[in-house]
Amino acid sequence: MLNGGRKSTGRFGIVDLGSNSVRLVVYAAAARSPVLVFNEKVLCGLGRTLSSTGKLDPKGIERALDAIRRFIALREQIGIKTLIVAATAAVRDATDGPEFIARVEKICGFKIELVSGVEEARLSAQGVLSGIPDADGVVGDLGGASLELVGVSGGKRLGVGSTLPIGPLRIIDQSKNNLVAAEAIVDKALKGLDVLRENQGKRLYVVGGAWRNLARIHMAQRHYPIHVLHQYVIPARDAADLAKLIEKLGPKTLAQIPDISERRIDTLPFGALVLERVIAAMKAKEVVVSAYGLREGILFDRLDKRTQAKDPLIEGCRDMAKLLSRFPEHGDELTPWTAPLFRDEVLGETTEQARLRHAACILADIGWYVHPDYRAHHSLTQILLAPFSGVDHSGRLFLARVGYHRHEGRGEPELIGNLAGILTETENYRAMVLGLALRLAFTLCAATTGMLPKTKLEVTKSTVTLVVPRRYEPLLGEVVQRRLAALARAVDRKGEMRVGR
C-alpha cells in the first residue's frame, strides 16, 4: 500500500512521474471530495525509447528533472504540507531507472515511491471507485508505457488486475511507428485476459490523457454542451468508430483538432488503437471517462475508513456550500422539510433520487450573491460545471435545473446548447417541483436558519398545507401565499395554510 493509512492535514501534493508526462497536482487537503488548487504537467516522454534501448529517453530525463526542480521549489510557495512523488511503468522497467530515481531523490531530499504494476492497477481502480462508487466493469488506465486493467463492481476491485506493456510510447517504439505492427502487438498482449473475458458486455472506465483527448473530440463532434469529462459516457460503437478514424488521420490533420496538445499528436493514434482493441476484446457496451485515477487512488489511501465511506457527491456539495452559501447548514433543514412532497403516495423517489434531492438542498443558496436577474442561470451553470464526482451527467443536470427553478420558479431555462434528452420529462418535472419547494422555503424563512424545522408541509391527495406555529403567523404574507400556491399547482393540488400552536 502506497503510504496508506497515514492521515494528512494541510495541502496535499502528488508528483506523478509517468511514462509520458510528469505532473504536480495539489489538493486543498486529503478529503473525500478533493478540491484541486494547482495542476501542472510537462510532457517529457520518459518512456519514448524504452522498447528499443531498455532505457529512459535522455531528453525526457532532462525535461523531467527540470520539472521536478520547479515542483520542489513550488512546494514552499504553495504551502504543500504533504508531498508524495510516485514513479510508474517507464521508471520501474528501465535499466537506468534506479539511476534516475537517485537523481530525483537528490533534488527532492526524500525517498520517492516506485509503484509496482500490481500496485498501479490497484491505485487506478481505487481512484476510479472514489469518484464513481457504483462503477461496474473494467478500469483501463493508459499511461505512456503501460496499460493497467482491473475489474470493479460493488464498490470494490475484483482481483489484482493486469499491467501490460502497451502504452502508446512503448508500442510506437516497438512497432517503429507502424500501426499495423502495433495492432498485432496490442492483440497479443490482450489475448486471453481473464479480466476482459469475465467482464464481457460491461462498461469500460477509461483513465489517461490520450483517452481523455479522444473523449474531447467526441464531445466536439456532438456539440455536447457540458464540458465536464468526468462520467462522460460514449456508446462503445461510437468510441470504436472514433478510434478507427483517429488511427487513419495524419499528424497535420490531428494538429488542426482543437484542444489536442501538440506533444500528444504522435501518440494519439496509438492510444486510439489500444482503446479500439480493448473495446473489441471485452465487447464493452459503453466507455465512461474518469477524471480520477492513480493520483486520486493515492489520496484515497490517506483517508480513514470513516471518511472513505462518505458520499463524494454530498461532500462535494457541502464544500461548495461552505464557500458560496450564506448558511451552509441550510441543506440539513431543507432535506427533511421537502420530504413530504416525495413520499410514495405523492411523487415518490428512489434511493438515488433521494440522494440527489439531498444534494440539491445543500446547493440551494449558492447563487444568492449575484444580481437577482442572473441568479437562476448563474446557479444552473455553477452546478452544471462544478468539479463534482459521484454523479453522472443526468444527475448533474437535475441538480442544475433545481438550482434554476429555486430562483426562477416555473420558467424554462435557456439551457447551454442542446441538452434535450439528457433528462426525461419526469425528471425535469421533479426538478421543477423541488425548485419551487426550495423557493417557498427561502421566502418563508428569509434565508435564515432555525425557523424551517418549526414549520412543515403536509401533502394530501388534494392539498399542500403549510403549517406554522402561531408565533410565526405574521410571516405568512402575500409572497409566501403566492409561492405556496405555485408549488401546490405544480403537484395538481390546492395550497392552504394552517396556524398551529
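User: Which residue in β13 is the bridge partner of lysine 456?

Analyst: The partner of lysine 456 is valine 467. This is a predicted model in which local features need pLDDT of at least 70 and side-chain atom pairs count only at pLDDT 80 or more, while totals for chains, interfaces and linings use all residues. Residues are numbered from 1 along each chain as its sequence is written, and side-chain values use heavy atoms, with hydrogens and water left out.

User: How many bridges join β12 to β13, and do they run parallel or antiparallel?

Analyst: Strand β13 (residues 463-469) is joined to β12 by 4 bridges, and the two run antiparallel. Strands here are DSSP runs of E with at least two residues, helices are runs of H or I with at least four, and both are numbered from the N terminus. Two strands pair if DSSP finds at least two bridges between them.

User: What is the strand order in that sheet?

Analyst: The order is β12-β13-β14, in an open sheet of 3 strands with mixed pairing. β12 (456-459) and β14 (494-500) are at the edges with a single partner strand each, so one side of each has no neighbour in the sheet. From one strand to the next, the twist averages 25 degrees.

User: Which helix lies across those strands?

Analyst: Helix α21 (residues 478-490) lies across β12, β13 and β14, and runs at about 130 degrees to β14. Contact means heavy atoms within 4.5 Å. Axes are lines fitted to C-alpha atoms, for helices over the stretch in contact, and angles run from 0 to 180 degrees between N-to-C directions.

User: Changing topic: at what angle do α17 and α20 pack?

Analyst: Helix α17 (residues 351-362) packs with helix α20 (residues 425-445) at an angle of about 40 degrees, and their axes are 11 Å apart. The two helices are therefore oblique to each other; angles under 35 degrees count as roughly parallel, over 145 as roughly antiparallel, 65 to 115 as roughly perpendicular and the rest as oblique.

User: Which residues make the contact?

Analyst: From α17 they are Gln353, Arg357, Ala360 and Cys361, and from α20 they are Glu427, Arg430, Leu434 and Leu438. By class, this contact has 4 nonpolar, 1 polar and 3 charged residues. Ala, Val, Leu, Ile, Met, Phe, Trp, Tyr, Cys and Pro count as nonpolar, Asp, Glu, Lys and Arg as charged, and the others, Gly among them, as polar.

User: And glutamine 231: buried or exposed?

Analyst: Glutamine 231 counts as buried, because its relative accessibility is 9%. Buried means under 20% relative accessible area, exposed over 50%, and partly exposed in between (1.4 Å probe, protein chains only). Glutamine 231 is found in the loop between α9 (209-222) and β10 (233-235).

User: What is glutamine 231 in contact with?

Analyst: Leaving aside neighbours within four places in sequence, the contacts of glutamine 231 include Val288, Val289, Asp392 and His393.

User: In which sheet does β10 sit?

Analyst: β10 belongs to an open sheet of 6 strands in the order β8-β7-β6-β9-β11-β10, with mixed pairing. The edge strands are β8 (156-164) and β10, each pairing on one side only. β10 pairs with β11 in the antiparallel sense over 3 bridges, and isoleucine 234 stands opposite valine 287 in β11.

User: What about β9 and β11: parallel or antiparallel?

Analyst: Strand β9 (residues 203-207) and strand β11 (residues 286-289) run parallel and are joined by 4 bridges. Tyrosine 205 has valine 288 as its bridge partner in β11.
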